[in-house]
Structure formats: C-alpha cells, structure tokens
Amino acid sequence: MTTAVLEPRAGRRCHNALNSLHATHYFAPELGRELGALGVTDPRAVNFAVRSAALGPVGAGTVAATFYNYKYELVARHVPAVWEKASPDAVLAARARAVDASLRRLLGAEALASAEMAEAAGLALRAAEACTRAGRPLYAGHADLPVPDEPHLAYWHAATLLREHRGDGHLAVLVAAGLDGLEAVVTHTATGRGMAPKWVFATRGWTPQEWDAAVDRLRARGLLDADGALTAEGVALREEIEAETDRLDRAPYEHLGAEGVARLTELGAGFARAAIGAGAFPADLFGTG
C-alpha cells in the first residue's frame, strides 16, 4: 500500500484551520465575563493572564519574551499584578469555562457532540504527541496541563498545543531574521494577512509613531517600499520565515501522516468556518488599513 507524502505546506494549512478556532476565545465575551468575575477586567490583562497562566505566576519579562510582539511597558502595567487578583490555576479554570461557553454559542451543541468533533480531537491529540518541549516555553507550559474529557475541549486543548508549538518555533525564526516584535507585526500586516494597525495599537501597546519608526527601519533594509508595501526582498523574507517555521513544526504532522493531516484540516476548517460565520471575530481585525 502506498502512503501519501506530506506536502510541504500541509502542516501550515492544518495549523491555520485549528488556530482559527483556538483564537476565537480571545474575542469572546464569555472570556471577559469569566475573568471579570475574578477581578481581571482590563482586556489586555485578560489576554496576558489566560495565555501565560500555564507558565505559572510569571513576570513581565517572561510574558514579553514569549509573546514577542507586545510592548514591554504595556505588559509590565498588568503583569505580575494580575496574579494578585487571580491565581494562574483560577485563570486556567475560568478560561476553560469561557471556551466551553463560547464554543457552544459559536458552533452549537449538536456540533460539539458530533462524531466529527470527537474524530478531530483524536487526530489533533495524536499530532500533538510529536511536539517537543525543548526551546518551546509556551508549548511546554500547556503540555503539562491535563487533557479535558469533553471532545470539544480536548480538541481546543490540542489546537492550543499545536498553536503554541508552532508559535514558539516561529519566534526563533523571527529572531534569526533580525525582526523585532513590532517589525514582525508590520511585515505581517503588509502581507495583507496580519492584524490591522488599529488593532495593533489597541492590543499590543505600540503607538502610531513607533509603527512609523519601524516602517522606516524596514525601508532602510529594503523590505518595504515608499508606500509601506513589501518589496520583492520583503516578500521573499516573509516566505522564508514561513517556510522555516514549517520546517521546525513538521514533526507533529509527519507523525499524524498525510491522510490524517488532510482529514484534520477538513474537519478543522469546517469548524472554523462555522465559528467565523457566527461572528467570532471583529470584521475589521485583519488587513492593512
């Protein structure tokens, strides 16, 4: 029997499908309500707390390093003070409740109880078996958490593992490419697939003046043109960054196999489309405007 060969970008496509559903909880009102009940009300503090809680009560330096594209001064305004309001364990429990509620709202009870959800959870967890902890702090912290019993939460947990595993590797590639956190955001936005500048200013702590300074630095490197668009060299660098990220993140998808990756991508894309169709993200979140 011939085994299908895993295509170079198959893992990236699968990750994108899973990450689209994972990321919905950052914009879910349920998350704000759950963290608000713990006394964490600033949306940026909520973000820092829920994503870093798996690392324990860490300080601003750890969060800034592992999140990469947030301004340190913004992080320091909320971390480690957030742990005085809610312990990491309390935050993780609140996050799980919010994810459960938001997925029920976005996908519906029938989808959550479906055979397809259980299948997707099994496939994603199998892929995550091949993730590695070394040099991947956000993945490693989440990998120490227990796998939830309910299929939709197990699927979300596995999607989180695969997202953070790829993300940790991606940061290593950005460092090697000589892009600081804001420069990485600016070049990603210039591809048309990244976060719109207004959302960067609102969530990452950077100012329009700092954005413009980053644009000037990138122009000086020949990566952006006079209009702020990627030059041919800039396009090539972004492609190299994604290709190297793919290489560092290949193990989980090779472990799952081409057929499993194709099926998981199909299932994940279906869940993501349903969530997006239900209004999971702000309409103006992505783009260069």
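The buried residues of helix α17 pack against α1 (10-22), α7 (88-107), α9 (115-128), α11 (151-177) and α16 (250-256), where contact denotes heavy atoms within 4.5 Å and buried denotes under 20% relative accessible area, with exposed set at over 50% and partly exposed in between (1.4 Å probe, protein chains only). The model is a predicted one, in which local features need pLDDT of at least 70 and side-chain atom pairs count only at pLDDT 80 or more, whereas totals for chains, interfaces and linings use all residues. Residues are numbered from 1 along each chain as its sequence is written, and side-chain values use heavy atoms, with hydrogens and water left out.

Helices (H or I, at least four residues) and strands (E, at least two) are DSSP runs numbered from the N terminus. Helix α17 comprises the 20 residues 258-277, and its end C-alpha atoms lie 28 Å apart, in agreement with the 28 Å that should be spanned at 1.5 Å a residue; the expected span is defined as 1.5 Å times one less than the number of residues in the helix. The buried positions of α17 are Ala258, Gly260, Val261, Leu264, Thr265, Leu267, Gly268, Ala269, Phe271, Ala272 and Ala275. After α17 comes glycine 279, which has a positive phi, near 85°.

When residues up to four places away in sequence are not counted, leucine 264 touches Cys14, Leu18, Ala120, Leu123, Ala124, Tyr155 and Leu256.

The structure holds zero disulfides, a disulfide being a pair of cysteine sulfur atoms within 2.5 Å. The closest cysteine sulfur to that of cysteine 14 belongs to cysteine 131 and is 11 Å away, which is too far for a bond.

Helix α15 (residues 232-248) has 17 residues and reaches 24 Å from its first C-alpha to its last, close to the 24 Å expected at 1.5 Å a residue. Its buried residues are Gly234, Leu237, Arg238, Ile241, Glu242, Thr245 and Asp246, and they pack against α1, α11, α12 (181-190) and α16. Asp246 is also one of the residues lining the largest cavity, together with Leu6, Glu7, Pro8, Arg9, Gly11, Arg12, Arg166, Asp249, Arg250 and Tyr253. About 60 Å³ of space lies in this cavity, and the structure holds one cavity of 30 Å³ or more. At least two residues of the lining are supplied by each of α1 and α16. On a 1 Å grid over the protein atoms alone, a cavity is a set of points where a 1.4 Å probe fits but cannot get out, a pocket is an open set with protein on both sides within 12 Å along at least five of seven lines, and lining residues have an atom within 4 Å of a point. Grid points are joined across faces, edges and corners, and a volume is the space filled by probe spheres set on the points.

Histidine 15 lies in helix α1 and counts as buried at 10% relative accessibility. With its neighbours within four places in sequence left aside, histidine 15 is in contact with Leu162, Arg163, Arg166 and Tyr253, and both Arg166 and Tyr253 belong to the lining of the largest cavity.

The second largest pocket contains about 280 Å³ of space and is lined by Leu92, Arg95, Ala96, Val99, His142, Leu145, Pro146, Pro148, Leu153, Trp156, His157 and Thr160. The elements that give two or more residues to this lining are α7 and α11.

Asparagine 47, in helix α3 (residues 43-52), counts as buried at 15% relative accessibility and touches Tyr26, Phe67 and Tyr70, residues up to four places away in sequence not being counted. Lysine 71, in the loop between α4 (60-67) and α5 (72-78), is buried with a relative accessible area of 17% and, its neighbours within four places in sequence aside, is in contact with Arg204, Gly205, Trp206 and Glu210.
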